[in-house]
Structure formats: structure tokens, C-alpha cells
Amino acid sequence: MAAENPMESLQKEVTCPICLEYFTEPVTLECGDNFCRACVTQCWQGSDTDFSCPQCRETVQQRNLKLNRQLANVLEIVKQLNLHKAKGAGGDGVCGEHQEPLKLFCEEDQTPICVLCDRSQAHRAHTVVLIEEAAQEYKKKIQTHLKTLRKEREKLLRLNVIVKNRIQEYLKQTQTKRHKIVSEFQQLRQFLEEQERLLLAQLEKLDKKVVKIQNESTTKCSEEISRLSELISEMEGKCQKPGSEFLQDVRSTLSRCEKGKFQQPAEISLELEKSLSDFAQKTIALMETLRKVKVNVTLDPDTAHPELLLSEGQKSVRWGDKWHRLPNNPKRFDTLECVLGCEGFTSGRYYWEVEVGGEIIWAVGVARESVRRKGLICFNPEWGIWAVEQWWGEFQALTSPKTPLPLSWVPKRIRVCLDYEQGLVTFLDADNDAPIFTFPPASFSGERIHPWLWVQSEQSQLRLCP
């Protein structure tokens with residue numbers, strides 16, 4: 001029989017026979033056996049008089065547990081020897097509790113353990129394999145995951161390239177937009193500076209005109225005052241003379257008094273007021289030209305045809321495939337698939353934009369609030385609607401009769417412009433400001449004007465831009 005390894009024999013000597021692990025605070029009983037203090041104390045729980053050794057069953061007369069310092073020192077030496085042994089073997093895996101090499105792997109706890117951990121209560125009932133076997137098995141699993149992870153990384157790398165390219169394209173677009181904005185605002189500043197210069201020049205002329213009128217009026221008044229003063233002195237002197245002398249040439253004297261009345265020229269104030277009024281009208285006209293307000297339009301669900309579907313935020317509309325049960329109020333269109341905007345205008349200049357995309361059947365524009373909602377409706381200004389439409393790729397202005405619009409491009413966003421005072425409805429391509437159509441001036445007669453949309457295709461959807 002082969003001799004037992006001295007190191008293994010030494011490890012058995014420092015192992016508690018109760019917990020089968022290295023001693024923790026080893027104590028010696030009267031019989032000479034050694035145990036962990038906690039282990040033997042737990043064995044004696046519930047016994048008040050007779051204490052027996054858990055190893056040899058010898059009765060111990062007194063419960064006197066003395067710390068075995070020599071055994072504790074030997075235990076520390078064994079732990080150090082195990083640590084040096086593991087490092088000398090070229091491994092750095094050492095059990096933190098027993099200072100033993102980690103040669104085994106616990107399947108349940110998914111962790112490397114030493115041989116003493118395998119014999120302990122914590123792992124005794126667990127499935128334990130050699131650490132090399134476990135490493136091979138888990139390496140296969142990791143390799144499988146690595147393939148998936150590499151594929152995911154490749155996808156992300158390709159996506160990253162695509163995103164970078166798109167971002168560069170967007171940056172080019174924003175740069176182009178930036179140059180366009182700078183150029184347009186530079187032109188606008190030049191226009192405003194020129195208008196400012198013209199208005200100030202007109203004001204300067206008006207100032208000179210006012211000063212001239214004032215000087216002429218002052219000179220004339222001074223001359224009249226001097227003449228009247230002389231006449232008054234002369235008349236006062238005549239009144240002091242005797243009657244016979246006073247009455248001589250009295251007719252001429254009375255005539256001179258009557259002609260001496262000062263008449264203020266009314267044309268002075270009228271001319272000045274007219275100049276100021278003309279200047280004010282020119283200024284107002286310029287401000288109206290510059291004033292254009294972009295409005296945020298939302299759709300009115302109370303006006304939507306029952307086959308139309310509005311988005312939650314009431315910013316888009318599309319044609320549905322069934323008739324929805326909705327209250328048939330007087331505002332609702334019930335024959336053609338129309339909807340009005342909530343906003344209405346009775347003055348001012350406004351515009352809003354509608355995203356039409358590549359849809360095939362749609363129309364956008366404005367309508368009177370009194371536009372017919374029930375029964376047959378004709379889409380033209382005579383019926384209170386000013387709009388443009390696309391009908392299977394053909395663009396038309398909804399005049400009477402319709403006006404073909406031979407566009408060389410397909411607009412994606414339509415800008416609808418309303419000048420209420422001038423009675424003008426204009427349509428532009430919102431992406432390039434290219435004009436599409438302007439209706440002849442109309443008279444809205446103080447009636448409220450609403451945005452108006454129409455769709456009649458499952459594939460068609462109109463969205464109001466924010």
C-alpha cells in the first residue's frame with residue numbers, strides 16, 4: 001500500500017472532524033481531540049451536565065474549551081504551504097478560504113473550488129467536475145456566443161458606416177440650407193436697409209418741406225403784423241383829429257381798414273397733412289409687405305368626413321376603408337372626403353405648409369367658413385374653395401374650369417399663402433420656394449377663411465408641418 005502523502009496527512013491534522021474544513025479557532029478537549037470552537041459548541045447545545053467528545057465519545061467532566069494556539073499556528077503554516085505550492089505549479093487560482101489550488105468546478109454554483117471545498121457541507125451534494133473539463137465545455141459555449149457577438153459587431157460596424165454617411169449627407173444639406181439662409185437674410189437686410197434709407201430720405205424731405213412752410217408762414221405773418229401795426233397807428237392818429245379833418249377821405253380810410261383783415265392761408269395745414277398722410281400710407285404698405293405670419297394649423301375633427309382618419313395630434317389625415325359612426329353635426333362634410341383646419345382668419349397675411357409626399361390623389365387650399373358641407377360640392381372659388389390638386393400624377397388648380405399645372409417636378413411640401421386684405425391665395429413649393437399657382441384676387445367679404453384638405457385614396461395621407 002502506497003504511503004500517504006505527508007502534505008495530505010498534514011492537511012488532515014488541521015481539518016475539523018465535524019465540519020471537515022480547516023479549523024476555525026481550534027480548541028482541545030480533556031480527551032485530547034481538537035475541534036472548531038463553534039462546531040463543538042453547537043454539538044453540545046441542549047446538554048447541561050454530560051458532555052461527550054464528538055470524536056471518541058469520551059465523557060468530559062467540565063465544559064472547559066481551551067484555545068490550541070500551537071494547532072492554530074500549524075494551520076497558518078499549512079495554508080502558506082498550499083499557497084506556495086499553487087504558485088510553484090504555475091497557477092494563480094487559489095481558494096480564498098482554504099488556500100488550496102482551484103482544481104474542481106461546481107456546476108450548481110458555477111464557480112471553481114478546491115478539494116476541501118468539495119468535501120465541505122456547502123458543496124457535498126453538488127455536481128463537481130475537473131476544472132479542465134469544465135473549461136473545455138464552457139469554452140465551446142463561449143465560442144458559440146463569440147460567433148453571434150462578432151456578427152452583431154459586424155452589423156453595428158456596417159450600421160455605423162451608414163449612419164456616418166447619412167450624417168455627412170445631412171451636414172451637407174444643413175450647410176447648403178445655412179448658406180441659403182445667410183444669402184436670403186443678407187438680401188433681406190439689404191432690402192430693409194434700402195427701404196430704411198428711402199424712408200429716412202422721404203422724412204428728411206418732409207422735414208425740409210415743413211421747415212419751408214413754417215418759414216414762409218412766419219415771414220408772411222411778420223409782414224402782416226407790421227402792416228397792421230402801421231395801419232393801427234395811422235387810424236389811431238386820425239381818430240385824434242377834429243371832425244372836419246377826420247372825415248376827409250373817410251371812404252378810403254374805411255376801405256383800407258376792411259382790406260387790413262388778416263386771412264390765415266388754409267392751404268398751409270392741408271398741404272402738410274396731405275404729405276404726412278402719404279408718408280404714413282407708404283410706411284404701412286411697406287410693413288404689410290414685410291409682415292407674413294407662419295401659423296400652426298390643426299385639423300378640426302368635427303368637420304372631417306366619416307371615412308377620414310385623423311392622427312392623435314390632429315396634424316395628419318388619411319382615407320380609411322370604412323364609414324365611422326360619427327355625430328352628423330352641421331359642420332361635418334358628408335359627401336366628399338374633406339376636412340377644415342381649426343384656425344380661421346379674417347385679416348392679415350399667413351402661410352402654412354402641408355406635406356403631400358408622393359401621394360396620388362389629394363387637394364390642399366382654403367375654404368370659406370360657409371362652404372357647403374352636405375350633398376354635392378364643386379371644388380372652385382365660386383363654391384368657396386381655392387385649392388390645387390394632384391390627380392393620378394396630374395397637377396391642376398381648381399378653377400372653373402380646372403387649370404392644368406405643367407410642373408417639371410413633383411412637390412413634396414406645399415406652402416399655402418393667404419393674403420386676406422388683398423384676397424390672394426398663393427401656392428409655393430416649400431422646399432425651393434418655386435411658385436405653383438396664384439388665384440386671381442377675390443373678395444372674402446369679412447368671412448372667416450379656413451385651411452382645407454381633401455384625400456380620396458387609401459395610399460394618400462396629408463400631414464400639416466409643425
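This is a predicted model: local features need pLDDT of at least 70, side-chain atom pairs count only at pLDDT 80 or more; totals for chains, interfaces and linings use all residues.

Visitor: Okay, so is P101 buried or exposed?

Guide: P101 counts as buried, because its relative accessibility is 16% and the cut-off for buried is under 20%.

Visitor: Where does P101 sit in the chain?

Guide: P101 is in the loop between α3 (69–88) and β6 (104–106). Its C-alpha atom is 5.8 Å from that of C114, a residue 13 positions away along the chain.

Visitor: Switching to salt bridges. How many are there in the whole structure?

Guide: The search finds 13. One of them pairs E137 with K141, with 3.8 Å between the closest N and O atoms.

Visitor: Where are E137 and K141?

Guide: Both lie in helix α5 (residues 131–239), 4 residues apart, which is about one turn of the helix. E137 is partly exposed because its relative accessibility is 35%, and K141 is partly exposed because its value is 41%.

Visitor: What does R463 form a salt bridge with?

Guide: Its partner is E355, and the closest N and O atoms are 2.6 Å apart. This pair links distant parts of the chain: R463 is in strand β22 (residues 461–464) and E355 in strand β13 (residues 349–355), 108 residues apart.

Visitor: And why do R463 and E355 count as partly exposed?

Guide: R463 does so because its relative accessible area is 32%, and E355 because its relative accessibility is 31%.

Visitor: What about R413, which side chain does that one meet in a salt bridge?

Guide: That would be D431, at 2.7 Å from N to O. This pair links distant parts of the chain too: R413 is in strand β18 (residues 413–419), while D431 is in the loop between β19 (424–429) and β20 (435–438), 18 residues away. R413 has a relative accessible area of 21%, so R413 is partly exposed; D431, with 32%, is partly exposed as well.

Visitor: Which residues are joined with R413 and D431 into one network?

Guide: E353 and R415. Salt bridges that share partners tie E353, R413, R415 and D431 together.

Visitor: Let's do sheets. In what order do the strands of the open sheet come?

Guide: The open sheet has 6 strands in the order β12-β21-β14-β15-β16-β17, with antiparallel pairing. Its edge strands are β12 (338–340) and β17 (403–404), each of which pairs on one side only.

Visitor: How many bridges join β15 to β16?

Guide: There are 4 between β15 (residues 385–391) and β16 (residues 394–397), and the two strands run antiparallel. E389 stands opposite Q396 in β16.

Visitor: Which residues line the largest cavity?

Guide: The lining is W362, V388, E389, F395, L405, P411, I414 and I436.

Definitions and conventions. Residues are numbered from 1 along each chain as its sequence is written. Side-chain values use heavy atoms; hydrogens and water are left out. Buried means under 20% relative accessible area, exposed over 50%, partly exposed in between (1.4 Å probe, protein chains only). On a 1 Å grid over the protein atoms alone, a cavity is a set of points where a 1.4 Å probe fits but cannot get out, and a pocket is an open set with protein on both sides within 12 Å along at least five of seven lines; lining residues have an atom within 4 Å of a point. A salt bridge is a side-chain nitrogen of Lys or Arg within 4 Å of a carboxyl oxygen of Asp or Glu. Two strands pair if DSSP finds at least two bridges between them.
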